[in-house]
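User: I would like to go through some of the labels used for this model and what each one rests on.
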Amino acid sequence: MLPRGLFVHGMRSMELPLVALTGAGISAESGVPTFRGSRGLWRDYKPQDLATPEAFRRDPGLVWDWYDWRREVIADCQPNAAHRTLAHIEEKIDDFLVVTQNVDGLHQAAGSRRVLELHGNIWRLRCTHCDYGREDRRVPLPDLPPHCPHCRGLMRPDVVWFGEALPRAAMEAAWSAAANCRTMLVVGTSAVVEPAASLPREARRNNARLIEFNPARTPVSRSADEVFREPAGEALPRWWARMGAGKRR
Ligand code: OAD
């Protein structure tokens, strides 16, 4: 399902001047932990215990405790200068699109409206039985694990877990955006989780410029035309200012 508020006008035939692919690193300066790296979540937790359908079937309470904790962490976080820059770019460039692997909703909180969420959103819950879904921003959630108000089925976070397919429409739109953009900003992603990791390759294959914002080297780095080895909150506003913020490109 395409996220609410998304407007991808004539995506298939349109050449997007600019697409941003974002990952956990863009939210790092907001205080949201990343997954990989020395302070990443996957150092202390195992994805197979917490972020797979099997883990949820085995122990929904454990999985929900972890997601409830992450919701509490994210609830205290505000968008940073990198999120705000992307929201500002959207105001200036009609066809700009953010494709994110993040589930934290900070792009929307910064004001971005055209956001494709490839891995879902941690603030949405959906029923495992009848597919009823709703946004619920309460932290902590009053009853864990939560149950569906309609059928009493178990609710789950509306996020994509390892081994699950990505939302088809969002992935198709992202793929099309990658194939048709002139420039892709690759911001704060380790670019190792498929299929999102293939998007910069698809953009490159179609002769787009790749510009990476990441303090660490990634598989994207070698094919990037420009690399900013800095926190995105510093480099992205500077890059945008250099591009002539305010001018339509
Ligand atoms: P990762 O945690 O794998 O990578 C975060 C990247 O952000 C790393 O390359 C860091 O170097 C970089 N980084 C850290 N601080 C930064 C900063 N201030 N500015 C810019 N970059 C910074 O996160 P993702 O690539 O988003 O999936 O991970 C992809 C997916 O793997 C996630 O969506 C999640 C995870 O397991 C699922 O849970 C299904």
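Analyst: The answers below set computed values against their definitions.
This is a predicted model, in which local features need pLDDT of at least 70, side-chain atom pairs count only at pLDDT 80 or more, and totals for chains, interfaces and linings use all residues. Residues are numbered from 1 along each chain as its sequence is written, and side-chain values use heavy atoms, with hydrogens and water left out.

User: Why is helix 5 called roughly parallel to helix 9?
Analyst: Helix 5 (residues 81–92) and helix 9 (residues 232–242) pack at an angle of about 25°. Angles under 35 degrees count as roughly parallel, so helix 5 is roughly parallel to helix 9. Helices here are DSSP runs of H or I, at least four residues, and strands are runs of E, at least two, numbered from the N terminus. Angles run from 0 to 180 degrees between N-to-C directions, and axes are lines fitted to C-alpha atoms, for helices over the stretch in contact.

User: What makes strand 5 and strand 6 the edge strands?
Analyst: Strand 5 (133–135) and strand 6 (155–159) each pair on one side only. The three strands form an open antiparallel sheet in the order 5-4-6.

User: How do you know that strand 4 and strand 5 pair?
Analyst: Two strands pair if DSSP finds at least two bridges between them. Three bridges join strand 4 (residues 120–127) to strand 5, therefore the two strands pair. At one of the bridges, Arg126 has Gly133 of strand 5 as its partner.

Definitions and conventions. Angles under 35 degrees count as roughly parallel, over 145 as roughly antiparallel, 65 to 115 as roughly perpendicular and the rest as oblique.
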